[in-house]
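Let's take a walk through this one together, with a few questions along the way. Have a look first.

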Amino acid sequence: MSYISKVISGKCPNCGKEHIFHDKGNPITFKMPKMTKECGSCGYNFHRETGFYFGAMYMSYALTVAEMITVMVLRLILNYLFDLNITMLHAFIAIVFVIFIMWTFNYRLSRVMWLNLFYKKDEQ
Ligand SMILES: [Zn+2]
């Protein structure tokens, strides 16, 4: 399995059978996603060490910036194609909405990306 397919599946980087998160969370009710402690199939420890997921914040930041840029590009495209007058204030409100809706997804994806980034086949 390649890095991208592992990240998209959200499953164990070692065996690819069990999901890393057993609860996806809910952005509306502010319910945090819940991570499984270790893989049920191969026993791979998802909580590698204290502070391991600190670096996942940088991944989350990059995802958030990418979403902001996407909204701004969409604003430009819509303004150009349909001759709309979408202002920066409208775009800012849209960005806040998108970030609010996507925060659990970003949280999960950044941690899965971080875990897969430092995965080595031999180590357990
Ligand atoms: Zn596993």
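Helices (H or I, at least four residues) and strands (E, at least two) are DSSP runs, numbered from the N terminus. This is a predicted model, where local features need pLDDT of at least 70 and side-chain atom pairs count only at pLDDT 80 or more, while totals for chains, interfaces and linings use all residues. Residues are numbered from 1 along each chain as its sequence is written, and side-chain values use heavy atoms, with hydrogens and water left out.

Q: What radius of gyration does the chain have?
A: The C-alpha trace spans about 55 × 30 × 25 Å along its principal axes. The radius of gyration is taken over C-alpha atoms, and the globule rule is 2.2 Å times the number of residues to the power 0.38. For a compact globule of 124 residues that would be near 14 Å, but the chain has 18 Å.

Q: Where does F30 sit?
A: F30 isn't a glycine, yet its phi is positive, at about 60 degrees. Its relative accessible area is 58%, and exposed means over 50%, buried under 20%, and partly exposed in between (1.4 Å probe, protein chains only). So F30 is exposed. As for its place, F30 is found in the loop between β1 (21–23) and β2 (34–35).

Q: Is D83 buried or exposed?
A: D83 lies in the loop between α2 (56–82) and α3 (88–117). D83 has a positive phi of about 55 degrees, although it is not a glycine. Because its relative accessibility is 69%, D83 counts as exposed.

Q: Which residues is M59 in contact with, leaving aside its neighbours within four places in sequence?
A: M59 is in helix α2 and counts as buried, at 16% relative accessibility. M59 and S110 are 51 residues apart in sequence, but 5.1 Å apart in space, C-alpha to C-alpha. Contact means heavy atoms within 4.5 Å. Setting those sequence neighbours aside, the contacts of M59 are S110, M113, W114 and L117.

Q: Which residues does UniProt list for "transmembrane region"?
A: UniProt positions are given here in the numbering used for this chain, feature names are shortened, and annotations may be inferred rather than shown by experiment. In the model, residues 58–78 are 100% helix and 0% strand, with end C-alpha atoms 30 Å apart. Residues 84–105 are 82% helix and 0% strand, and their end C-alpha atoms also lie 30 Å apart. The unreviewed UniProt entry gives "transmembrane region" for residues 58–78 and 84–105.

Q: What share of the contacts with a separation of 6 or more comes from residues 24 or more positions apart?
A: For some background, buried residues make up 33% of the 124 residues in the chain. Among contacts with a separation of 6 or more, the share from residues 24 or more positions apart is 62%.
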